[in-house]
Amino acid sequence: MANNKHTESEHFARCESMCKLQSIISGKWKILIIWYIAAYEKQRFNELQRRLDGITQATLTRQLRELETDGVVSRKIYPEVPPKVEYKLTDLGKSFVPILTDMQKWSEDNLMK
């Protein structure tokens, strides 16, 4: 029985980590936002909005702020007029790119047939 409780505890820990991951990448656009920032190393807001066909300014703003709060994306504001803001992946965000690459490969292999 003790062994079974240990297994349940481990299962709960795994579920907890997956719940945290889901909360970070949930949202229709977050995976693509991370993907595009990774592909171009840094992105300005308008560049992202052009690449993400159909995203509203409010949604992009909200999802970028959430990714920043979760430590996936960093934002740099340049003291210019008009304001220039660039988004880059943090080390945490960069560590997620190989997983996204695997997901993209899986999608090509299984969903694009």
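Me: With which side chain does the side chain of Thr 59 make a polar contact?
Reply: In this predicted model, Thr 59 has its place in helix α4, and at 17% relative accessibility this residue counts as buried, because the cut-off for that class is under 20%. Its side chain makes a polar contact at 2.8 Å, and the partner is the side chain of Thr 56.

Me: Which residues of α4 are buried, and where do they fall when seen down the axis of the helix?
Reply: The buried residues of α4 are Thr 59, Leu 60, Gln 63, Leu 64 and Leu 67. Seen down the axis of α4, these buried residues fall within an arc of 125°, so what they line is one face of the helix.

Me: Which residues of α4 are exposed on the other side?
Reply: The buried set, which includes Leu 60 and Leu 64, lines one face of the helix. On the other side of α4, the exposed residues are Gln 57, Ala 58, Arg 65 and Thr 69.

Me: How far apart are the end C-alpha atoms of helix α4?
Reply: Helix α4 covers residues 57–69, and at 1.5 Å a residue its 13 residues should span 18 Å. The model agrees with that expectation, since the separation of the end C-alpha atoms is 18 Å.

Me: Which residues touch the most other members of the largest nonpolar core?
Reply: This core holds 19 residues, and the elements that give two or more residues to it are α1 (2–25), α2 (30–40), α3 (45–51), α4, β3 (84–89) and α5 (91–111). The members that touch the most others are Ile 33, Ile 34, Ile 37, Leu 60 and Leu 64.

Me: Leaving aside neighbours within four places in sequence, with which residues is Leu 60 in contact?
Reply: Leu 60 is one of the buried residues of α4, and it is also among the residues that touch the most other members of the largest nonpolar core. With neighbours within four places in sequence left aside, its contacts are Ile 33, Phe 45, Leu 48, Gln 49, Leu 52 and Ile 55.

Me: How many disulfides does the structure hold?
Reply: A disulfide is a covalent bond between the sulfur atoms of two cysteines. For Cys 15, which counts as partly exposed at 34% relative accessibility, the closest cysteine sulfur is that of Cys 19, at 6.5 Å, which is too far for a bond. The number of disulfides in the structure is therefore zero.

Me: Is Lys 113 buried or exposed?
Reply: Lys 113 lies in the segment after α5, and its C-alpha atom is separated by 21 Å from that of Ile 99, 14 residues apart along the chain. Its relative accessibility is 83%, so Lys 113 counts as exposed.

Note on methods:
Residues numbered from 1 in each chain as written. Predicted model: local features only at pLDDT ≥ 70, side-chain atom pairs only at ≥ 80, totals over all residues. Heavy atoms only, no water. Helix = DSSP H or I, 4+ residues; strand = E, 2+ residues; numbered from the N terminus. Expected span 1.5 Å × (residues − 1). Buried < 20%, exposed > 50% of the residue type's maximum accessible area, 1.4 Å probe, protein only. Arc of directions from axis to C-beta. Polar contact = N/O pair within 3.5 Å; in protein donor to acceptor, adjacent residues only side chain to side chain. Disulfide = S-S within 2.5 Å. Core = buried A, V, L, I, M, F, W, Y, C linked by side-chain atoms within 4.5 Å. Contact = heavy atoms within 4.5 Å.
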